[in-house]
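The sequence and structure come first.

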Amino acid sequence: MAEPQQEQAAALNIEKVYIKDMSYEAPNTPQVFMEQRVPEVAVQLNIAHTALDEKAGLYEVVLSVTTTAKFQDKNVFLVEVQQAGLFRAIGIPAKDLPMVLEIGCPNILLPFAREAINDLVGKGGFPQLLINPVNFDALFQQKQAASQTNH
């Protein structure tokens, strides 16, 4: 008599978190340290994911964060961090997998990217820079809406 197959519970496991790439530039130092104005800071995000072993549910997710600070036309600093992670997604339905990879995984990676950026900016001689929380759910919904408008 065959044993009934048990349904595997859905799970997302963190296998590894690492920095894939990072760069820091402060081309106008030390002159920018003499400025009394507060620079304008902009943050750009990008999320990429790759299936490394779909059968085993292993995926690499890369959260790219680019932070720039400027005084009008003068660059204060530019920091780029690609914070990556290996994730094992088990028992997650195919229709839900993009949400897990583009919402759940970046939520895990953001604090690591935030720390790396803050560390680089601080070592560059600038005040602490804390990146605000990000609503990855809203970004995912915007991406879905944009892709449906293009089809």
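## A charged pair of sequence neighbours

D96 counts as partly exposed, at 22% relative accessibility. The model is a predicted one, and in it D96 forms a salt bridge with K95. The closest N and O atoms of D96 and K95 are 3.2 Å apart. K95 counts as exposed because its relative accessibility is 66%, and the cut-off for exposed is over 50%.

E60 is buried, with a relative accessible area of 11%, whereas K20 is partly exposed, with 45%.

Another salt bridge is formed by the side chains of K143 and E102, at 3.1 Å from N to O. Here too distant parts of the chain are linked, with K143 in helix α2 and E102 in helix α1, 41 residues apart. E102 has 8% relative accessibility and so counts as buried. K143 is partly exposed, with a relative accessible area of 42%. Side chains of opposite charge can pair when their charged atoms come close.

## Sheet and helices

The protein has 2 helices and 4 strands. Read from the N terminus, its elements follow the order β-β-β-β-α-α. The 4 strands form an open sheet in the order β1-β4-β3-β2, and the pairing is antiparallel. β1 (11-25) and β2 (40-53) are at the edges and have a single partner strand each, so one side of each has no neighbour in the sheet. From one strand to the next, the twist averages 15°.

Strands β2 and β3 (residues 58-71) run antiparallel and are joined by 13 bridges. A42 stands opposite T68 in β3. Helix α1 (residues 97-123) lies across β1, β2, β3 and β4 (74-90), and runs at about 140° to β4.

## Nonpolar core

Which residues have the most contacts inside the largest nonpolar core? They are F77 and I117, in a core of 32 residues. Two or more residues of this core come from each of β3, β4, α1 and α2 (136-149). The largest share is that of α1, which gives 11 residues. In soluble globular proteins, nonpolar side chains tend to be buried together.

Leaving aside neighbours within four places in sequence, the contacts of F77 include Y24, E25 and A26. F77 also touches T67, T68 and A69, as well as V121, F126 and L129. T68, one of these contacts, is the residue that A42 stands opposite in β3.

## Overall dimensions

The radius of gyration of the protein is 20 Å, whereas a compact globule of 151 residues would have one near 15 Å. Along the principal axes, the C-alpha trace spans about 80 × 35 × 20 Å.

Of the 151 residues in the protein, 32% are buried. Among contacts between residues at least 6 apart in sequence, 72% join residues at least 24 apart.

Technical notes. Residues numbered from 1 in each chain as written. Predicted model: local features only at pLDDT ≥ 70, side-chain atom pairs only at ≥ 80, totals over all residues. Heavy atoms only, no water. Pairing = 2+ DSSP bridges. Axes fitted to C-alpha atoms, helices over the stretch in contact; angles between N-to-C directions. Contact = heavy atoms within 4.5 Å. Core = buried A, V, L, I, M, F, W, Y, C linked by side-chain atoms within 4.5 Å. Buried < 20%, exposed > 50% of the residue type's maximum accessible area, 1.4 Å probe, protein only. Salt bridge = Lys/Arg side-chain N within 4 Å of Asp/Glu carboxyl O. Rg over C-alpha atoms; globule rule 2.2 N^0.38 Å.
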